[in-house]
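Hi everyone, thanks for coming.

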Amino acid sequence: MDPTVSVILPTYNRSKTLAAAMTSVLTQSYRDLELIVVDDASTEDIAQVLAGFSDDRIRYLRRDTNGGAGAARNSGLVAAKGRFIAFQDSDDLWLPGKLQRQMAFFAILPDRVRVVTGGKILYGRDRNFQRGPGKVVHAPDPAGALRLGDDQLAKLLRENRLSVQNALFRRDCMPTQTWFDGSLRANEDWEFAVRLVQHTAIYEDVEPVVLGFISPDSISSNPRRQLKGLLKILRTNRRVLATRRLDRSRLRIEFAIDLHRLGRRRLALRFLVEGVKDRPANIVAVMLSVYRRFSRIAKESIVDGLTQAVSRRAAR
C-alpha cells in the first residue's frame with residue numbers, strides 16, 4: 001500500500017548533518033510516510049549515511065548532475081507515491097509532532113485549502129535579517145500570518161511566508177508535477193509560492209514546526225542568486241502584476257535597491273523609475289530605505305571607531 005505522505009529531502013554534500021535531518025522525519029509520531037532522499041550529485045558518500053539506517057520507509061534517489069534544491073525537489077516529486085507532499089532540508093530538524101499537527105488541520109479545513117504551513121525557529125539571524133552567532137528569530141513573523149480571508153497573493157508578493165520545509169501540501173495543489181523552477185538556485189521557494197497561491201488557499205499556523213540553521217554555504221547568503229529569483233517572479237507573473245500596480249511597484253523598487261547594492265546602478269535606476277511610475281507615493285519608501293541603510297552604515301562606523309579607540313587606549 002502506498003504511503004499517505006511523501007517526504008522529499010534534497011541534499012548536496014551535507015553528510016555531516018543529513019542523519020539528524022532524516023531522524024527528525026523518521027521519528028515523527030505520524031508514521032505513514034516515505035522519506036525520499038534526493039542526492040543532488042554529491043561528491044560526498046551520501047549512500048553511506050543512508051546505510052546507517054534500517055528503515056524500509058527510506059528511498060534513495062541520486063541525480064547524475066547537480067541542479068540545485070528546486071531541481072532536486074522536482075526529481076523527488078516524480079518518484080513520490082503519497083497523496084500529501086512534505087519537504088525537509090538536509091541541515092535542519094523537524095520538531096516532534098509536525099506531521100501529526102498538520103494532518104489534523106487538513107481534517108477540519110475546507111477543501112479549497114490544499115496547503116498548511118507553520119513557523120520556524122531559525123538560528124543564525126535576527127528579525128532584521130542581520131546574521132551572526134547567537135542570533136535567533138521566529139520566522140516568518142507571526143504578526144503577518146496569512147489568513148483565509150486575506151488577499152493571499154498580495155501578501156506573498158510582498159514577502160515569502162512559505163518556507164516549503166515548514167509546510168504540508170496536498171498533491172493536487174498544483175496543476176503540474178513540476179513545481180519548482182529548476183533554473184533558480186535561490187528564492188525558488190518564493191517564486192513557487194507566488195504561483196501556488198494562484199491555485200489554492202494556504203492556511204498558516206504560526207506555531208513552529210522546524211528548527212532551522214543558517215549555514216556558511218547557505219544559498220540564502222548569495223545575493224546574486226536571490227536577485228535572479230526576484231526577477232523571475234516579476235517576469236513569470238507579468239499578466240497578474242499588470243492589474244496589481246501597487247504590488248508591481250514594490251517588487252520593482254525592491255529589485256532596484258538590491259541591484260544598487262550589487263553595483264548595477266544603471267539597471268537599478270531603470271527599475272526604480274518603473275516602480276515609481278507604478279506608484280509615485282512609493283518614493284517615500286525608497287527615501288526611508290536609503291536613510292535606514294546609511295544610518296546603519298554610519299552607526300557601524302561609529303561603533304568601529306569607538307572599538308578601535310578603546311583598543312588603542314588599552315594597549316598603552
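Predicted model: local features only at pLDDT ≥ 70, side-chain atom pairs only at ≥ 80, totals over all residues.

**How the helices cross**

So, the crossing of helices H9 and H10 is left-handed. The contact there is made, on the H9 side, by Arg245, Arg248, Ser249, Arg252, Ile253, Phe255, Ala256, Leu259 and His260. From H10 come Arg265, Leu267, Ala268, Phe271, Leu272, Glu274, Gly275, Val276, Lys277 and Asp278. If you sort the residues of that contact by class, you get 9 nonpolar, 3 polar and 7 charged.

H9 has another partner, helix H7, which is residues 223-236. Those two pack at an angle of about 155 degrees, with their axes 10 Å apart. That makes H7 roughly antiparallel to H9. The crossing of H7 and H9 is left-handed. Here H7 brings Leu227, Leu230, Leu231, Ile233 and Leu234, while H9 brings Leu251, Arg252, Glu254, Phe255, Asp258 and Leu259. What classes of residue make up this contact? There are 8 nonpolar, no polar and 3 charged residues.

Keep Leu230 in mind, please, and turn to Asn187. Asn187 sits in the loop between strand E8 (167-170) and helix H6 (188-196). Not counting residues up to four places away in sequence, Asn187 touches Gln226, Gly229 and Leu230. Is Asn187 buried or exposed? Its relative accessible area is 18%, and the cut-off for buried is under 20%, so Asn187 is buried. Asn187 also has a positive phi of about 60 degrees although it is not a glycine.

How many of the residues of H6 are buried? The count is 9 of the 9, so H6 is largely enclosed by the rest of the structure. Among those buried residues are Glu188, Asp189 and Arg195, along with Trp190 and Phe192.

Phe192 takes us to the cores. As background, nonpolar side chains in soluble globular proteins tend to be buried together. In this model, the largest nonpolar core has 40 residues. Inside that core, the residues with the most contacts are Phe87, Phe169, Trp179, Phe192 and Leu196. Take Trp179: leaving aside its neighbours within four places in sequence, Trp179 is in contact with Asn74, Leu77, Ile85, Phe87, Phe169, Arg170, Arg171, Cys173, Met174, Phe192 and Arg195.

Ala41 is in the loop between strand E2 (33-39) and helix H2 (46-50). With a relative accessible area of 14%, Ala41 is buried. What does Ala41 touch, leaving aside neighbours within four places in sequence? The contacts are Tyr12, Arg62, Arg63, Asp64, Thr65 and Asn66.

Asn13 is in the loop between strand E1 (5-11) and helix H1 (15-26). Its phi is near 55 degrees, which is a positive value in a residue other than glycine. And where is the cis peptide bond I wanted to show you? It joins Ala139 and Pro140, with omega about -10 degrees. Pro140 is in the loop between strand E7 (131-139) and helix H5 (152-158).

Let me end with the whole protein. There are 11 helices and 9 strands. Of the 316 residues, 47% count as buried. And if you look at contacts between residues at least 6 apart in sequence, 73% of them join residues at least 24 apart. That's me done, thanks!

Technical notes. Residues numbered from 1 in each chain as written. Heavy atoms only, no water. Helix = DSSP H or I, 4+ residues; strand = E, 2+ residues; numbered from the N terminus. Buried < 20%, exposed > 50% of the residue type's maximum accessible area, 1.4 Å probe, protein only. Contact = heavy atoms within 4.5 Å. Left-handed = near helix turned anticlockwise from the far one by under 90°. Nonpolar A, V, L, I, M, F, W, Y, C, P; charged D, E, K, R; others polar. Axes fitted to C-alpha atoms, helices over the stretch in contact; angles between N-to-C directions. Parallel < 35°, antiparallel > 145°, perpendicular 65-115°, else oblique. Core = buried A, V, L, I, M, F, W, Y, C linked by side-chain atoms within 4.5 Å.
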